[in-house]
Structures are given as structure tokens and as C-alpha cells.
Amino acid sequence: MGRYISSSEAIWRIFSFPIHEREPSVQHLAVHLENGQRVYFTEENILQRAFETPKTTLTEFFTLCQKSDVFGQFAKTLLYTDVPRYFTWNKIGKKWEPRKQGKPHPSIPGIFKAKTLGRLYTVHPKQLNDRVFNTYQDACCELQLLEADNHWDLTLADAALTSTPNNICQLFAIILTTCFPTQSSTLWEKYKNYMTEDILHRIRRTNQCPNLDFTPEMYKEALVLIEDLCILISNLPLSHYGMSSPDRPAADLVNTDLQREKQYNDVDLATIIVNNKPLLTAEQKNIYNRIMLTVDADQGGFFFLDAPGGTGKTFLISLILAKTRSQQKIALAIASSGIAATLLDGGRTAHSALKLPLDIHNKPNAMCNIKKKSGMATVLQKSAIIIWDECTMTHKHSLEAFHRTMQDLKGNHKLFGGTVLLLSGDFRQTLPVIPHSTFADEINAYLKQSFLWTSVETLRLTMNMRVQLQNDPTAQVFSKQLLDIGNGEIELHQNTQYIKLPDIFCTVVETRNELIESVFPDILNYYLDHNWLCNRAILAARNVDVNEINFHIQQILPGDLMSFKSIDTVIDENEIVNFPTEFF
Ligand SMILES: Nc1ncnc2c1ncn2[C@@H]1O[C@H](COP(=O)(O)OP(=O)(O)OP(=O)(O)O)[C@@H](O)[C@H]1O
């Protein structure tokens, strides 16, 4: 006897994916008021949807009961939740059909019964057992229909032991905006002292009053901070998350984002301009003048600053930002990666600033999640220039989503709603990373494949300033070698299609241990010296290599290994392969 297992089933089993079935099967039943069902529509089918509201299991239950035949008469005698026992839901035709198999009904021929359960989720009335609740959520809590907040309580308790008040506030804001705890006010009351501790400490110190205790003003200050974070993450105030918003002027709330972009110190900006502008090289100066003229003209523009590493891109962008901001205009600095964002004054990641959807790869028609009346929308509407660094890592859908959002926010059909957009980066470096994709997918996703790219004006920086400043001939050679590799000018090996690094490229080590030893020599004596650590790093292309190297170095260090638990875990570890790494 043999058994054949197909390749897909074999893979399914090797990865231990769940092979389950539900017995008895469960049919989800819709519950809504008349014409209150959810309607999904697109531009194409909007009219059809408006004239003909979609059928649901509930509307069709009523239709079934109106039928004069034996099935309609029988359906009338059933509770809604019992319908799936005698009828199956035809998903395509959107109608209940009598079962053809099962246990025959004792007295009505043609009716068959199965074990299927009907499940429905309902919102319970606010008044229960003579008690009146303020919200439906409170009523559901009373009925124990909602998940309790125990794990958020434990998470905050854990953070209270190990984290700074600022970090606990951040964690609380994330829990509020993304995990929707049922009793947020209770969590706040329990942990508010931990979140306000630094404010208490500061006021004790400034007033030289060590016995001062927490006051409502201090709690309010912490709440303002938490609310600002909530607005940053989700564009919604604390009141949206079941807490009372701190009492502060409405304008203050709406314009937090705007204030952030206007807070630059004029003296600092003037210093950057006075120090750096005279240093510009001829090519940097041309680009600077071109951009500043476009910003002054206020007619929009779309530029790409093509600049290999070390050509003074950050130097030039910082100057453009400072000059625009010194004219009391808004210059928004964003970058595709967190590290690049930290190099720009006021820089933030594109995903956080523009609220881009996470799975942008699958959303060619996406928009940024920015509401028209939000603070961030005001910032984008008022921006004189938006600079997007390391843009080459960006998916073309992100740029297109940004283009559509700007058109919508500014009510202007020009490119990016008529705002000046300066992209910068180097296509020789990392392209968009798309999990589980092929090289062709990445090429298809990069910016040059976007319909917007035909309108871009490319500005080039070519002189490597790092080499010029070091005055080191070997640096010159190294920079040329890098460019040659990036430009594909090094011959590929016939069989492997790999390139061979030039002989005098850099110091090559044979093993991972040697690499660690040469980058972190004598680490046992220096591992507590932060400056020493800040001056060295090992980069790797894959997370798994980074983890291995980290683990290896940690093993060398004295002390016990500590494991900190995170809440981002899957319940069933075998399921881990089903989630993209972004979840961890
Ligand atoms: N015109 C200039 N005069 C003096 N120094 C400059 C000039 N342009 C750039 N530099 C210096 O050259 C170095 C490299 O510049 P910068 O960091 O701006 O390059 P980059 O293109 O952003 O490089 P990377 O892409 O590797 O980050 C910096 O130390 C910067 O201060």
C-alpha cells in the first residue's frame, strides 16, 4: 500500500500548518438595522451599490420568510440563529437554500437538518438588569463579552519596573491607539504616577521642594504628552479612546504637528546658512539655486537628487531646509529609513509622517491615512518643500499614494498638489524590500517604474566630498570601486554570476570570528565605554546574520543573559511562518 502526497500538501505538512476542520461548522450571521449593512464600493460600482443595497444573511432571512412555499412557511417558525441548521447560505447567489442532506425533518418532507451553528455578534443595549451604562462598551464589559485588559495591565506593570516615564507614556499611547483596551481610564488611574514621575521630579527640582506630591496639573501635563502621541499615531484625541481629553485650547490640539514644523530657532538656522552656504561647490550651488528658485516661485516641482554616497547630499539638503525654514516657510524632511531620518534636522520616517499603509505592495490605489482636518494635513498643505531622502528604497505605490493624497488635500490636480518635492538617493543602493519576492518584483516596484517618474527633473552630484576632505588617495580609489560596482561595470563570473571584489578593495577576513575580533578587539575591556562602541558597527544584509553576530558577541560579555518578554507573539508557535517579519 502506498500513499501519494502532492508537493503542496507535503510543504503544508513540513511547515506544520494547521490542518483543521470545524465540527460543527459555524455560519456567521449579519446583524444590522434596516439599510444599516456594510457596503463596500468602488468608483465603478458606486451607483449600482447605491440603488441596490447588498443582500445579507439577515435581509435574506426576511425574504425567505415571505415565501409562500413550504420552505418559507417553515423558515417563519425558526429563530434567526437556527436558520443555518436547515438552510445553507449561497455566498455567490446571496440567498438561503434548503439543505439537501442531513437528518430528515420528522413531519415536513424535503426539510433536512444539520449540526451547523449560527453565530452572531450583537451590540447589547445600554440598559441591563435595571442598570444604565454610559457606553455600549461598558454594557458589553458587564456581560463579559470583551477581552479583559489583564495583559495590558501586566504589560504596563512590567514597563513601570524597567522603563522611563516617557517610555511608559509612549507604550500607553501605543496600547490605546492600536490595542483598544476596554478600560483605558482604569489603566491610566493605576499607572499615572509612573507616567508622571519625571514631571514630578522636574517640578520638585525647579521649586527646590523635595516633598512635593503629584498634583492634577502634573497629570494633565502627562496626558497632554500622551494625547500628542495618540494624535501622531492615529490622528485621534484621547477622548476617542474612552479617556477624557486634557483641558487645553482646541487650536493647540489641532496644530501640534504644525507647531512641530515651526519651532526652529532662527539663530541656529542663520548659523547653518552663514557657515555652509559659502562652502558649496559649483555643482551643489547650481542645485541649491535651482531648488530655492522653485520654492520661491511656489508653482510646484518634482526633482530627484541623484547623489552617490559622500557627495554632500545631506550637507546640501540641510542647507535647503534651513534656508526655507528661515523664511518662515515649512520644509518637511522625511526619509525612507529611520537612520536616514535622524540625519536630517526635524526628519521623520515617511511611514510615520505620511501614514502610508504597511502592505503598500498590494495596494496600487492606496492613499495616505491622513484626514483632511488633521494637523498633519495642515502641515502638508502648507509645506513649501518636502524633501524625501533615501527615496530609492521606497515602493512606487508609496510615492503614488503620496501624490494622490497631496492632490486631494490641496484640491489641486498638479503633480503632488503643486508642492515642491525633492527626492534624493542613489539607485545603486538598496531598492524596495518586498518580502518573499523575486528580483524582478523589486525592479517592478522601484520608483523609476512609476508613471510619475516621467515628470521628474534629475539633478546630479558627482564630486565625492568625503574623498576631497580626507585628501586620501586610497579613499578616492575606494569610492571609484564602489561606483563601478554600483554601475555594474565589474565583470560577472561566468558560472556563478557573482562579482569578484577588486584585490585592493578592503581588508577581507575569512571567518565571522575574525570579523568580530577585528571590529571589536579586546571587547571585554571596552564594552562599557559608550564612545568606543559608538565608533564601530558590523553591518549585514540579512537579519539572521545580524542576530547570529549579536548573539555571538553577547556570549563573550560577562554577566547573566536576560530575556525580556514582548507582547508581539503568536499564540501557536507553529503558526509563526504564516506571519511576515514586520509583526515581530
Ligand atoms: N561643500 C562642502 N564643503 C565642506 N564639506 C562638505 C561639503 N559638502 C559635503 N561636505 C562634507 O562631506 C561629508 C559628506 O557629506 P554628506 O554626509 O552630506 O554626504 P552624503 O551624500 O549625504 O553621504 P551619504 O549618502 O554617505 O550619507 C560630510 O562630512 C559633509 O560635511
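Is aspartate 298 buried or exposed? I looked it up first: aspartate 298 is exposed, because its relative accessible area is 57%, and exposed means over 50%, buried under 20% and partly exposed in between, with a 1.4 Å probe and protein chains only.

**Ground rules.** I am working with a predicted model, in which local features need pLDDT of at least 70, side-chain atom pairs count only at pLDDT 80 or more, and totals for chains, interfaces and linings use all residues. Residues are numbered from 1 along each chain as its sequence is written, and side-chain values use heavy atoms, with hydrogens and water left out.

**Overall picture.** I noted 26 helices and 14 strands for the protein; these are DSSP runs numbered from the N terminus, helices being H or I with at least four residues and strands E with at least two. Of the 584 residues, 35% are buried. The accessible surface is about 36900 Å², and carbon and sulfur atoms hold 55% of that; the areas come from the Shrake-Rupley method with a 1.4 Å probe, and for residues only the protein chains shown count as cover. I also looked at contacts, meaning heavy atoms within 4.5 Å. Among those in the protein with a separation of 6 or more, 62% join residues 24 or more positions apart.

**Two loops with positive phi.** Back to aspartate 298, which sits in the loop between α14 (282–297) and β9 (301–306). Its phi is near 55°, a positive value in a residue other than glycine. I found a phi near 55° for histidine 436 too, again positive and again not in a glycine. Histidine 436 belongs to the loop between β13 (420–425) and α20 (439–445), and it counts as exposed because its relative accessibility is 82%.

**Around Phe304.** I then asked which residues phenylalanine 427 contacts, leaving aside neighbours within four places in sequence. My list reads Phe304, Thr392, Tyr446, Leu447, Lys448 and Trp453. Phenylalanine 427 lies in the loop between β13 and α20 and is buried, since its relative accessibility is 16%. From phenylalanine 427 to threonine 392 I have 35 residues in sequence and 5.7 Å in space, C-alpha to C-alpha.

Phe304 came up again with threonine 458, which contacts Phe304 and Asp306 once neighbours within four places in sequence are set aside. Threonine 458 is in strand β14 (residues 457–460). With 32% relative accessibility, threonine 458 counts as partly exposed.

**Glycine 301.** I placed this residue in strand β9. Glycine 301 is partly exposed, as its relative accessible area is 22%. Neighbours within four places in sequence aside, its contacts are Thr294, Thr419, Val420 and Leu421. Glycine 301 and valine 456 are 155 residues apart in sequence, with 8.3 Å between their C-alpha atoms.

**Isoleucine 203.** I located isoleucine 203 in helix α9 (residues 184–206). It touches Leu212 and Met218, not counting residues up to four places away in sequence. Its C-alpha atom is 9.8 Å from that of aspartate 213, 10 residues apart along the chain.

**Helix pair α23 and α26.** Two packed helices are described by the angle between their axes and the distance between the axes. For α23 (residues 512–519) and α26 (residues 543–556), I have an angle of about 65° and axes 11 Å apart. The axes are lines fitted to C-alpha atoms, for helices over the stretch in contact, and angles run from 0 to 180 degrees between N-to-C directions. Arg512, Asn513 and Ile516 in α23 meet Asp545, Glu548, Ile549, His552, Ile553 and Ile556 in α26. By type, the residues of this contact are 4 nonpolar, 2 polar and 3 charged; Ala, Val, Leu, Ile, Met, Phe, Trp, Tyr, Cys and Pro count as nonpolar, Asp, Glu, Lys and Arg as charged, and the others, Gly among them, as polar.

**Cysteines.** How many disulfides are there? I count 0, taking a disulfide as a pair of cysteine sulfur atoms within 2.5 Å. Cysteine 169 is buried because its relative accessibility is 0%, while cysteine 506, at 41%, is partly exposed.
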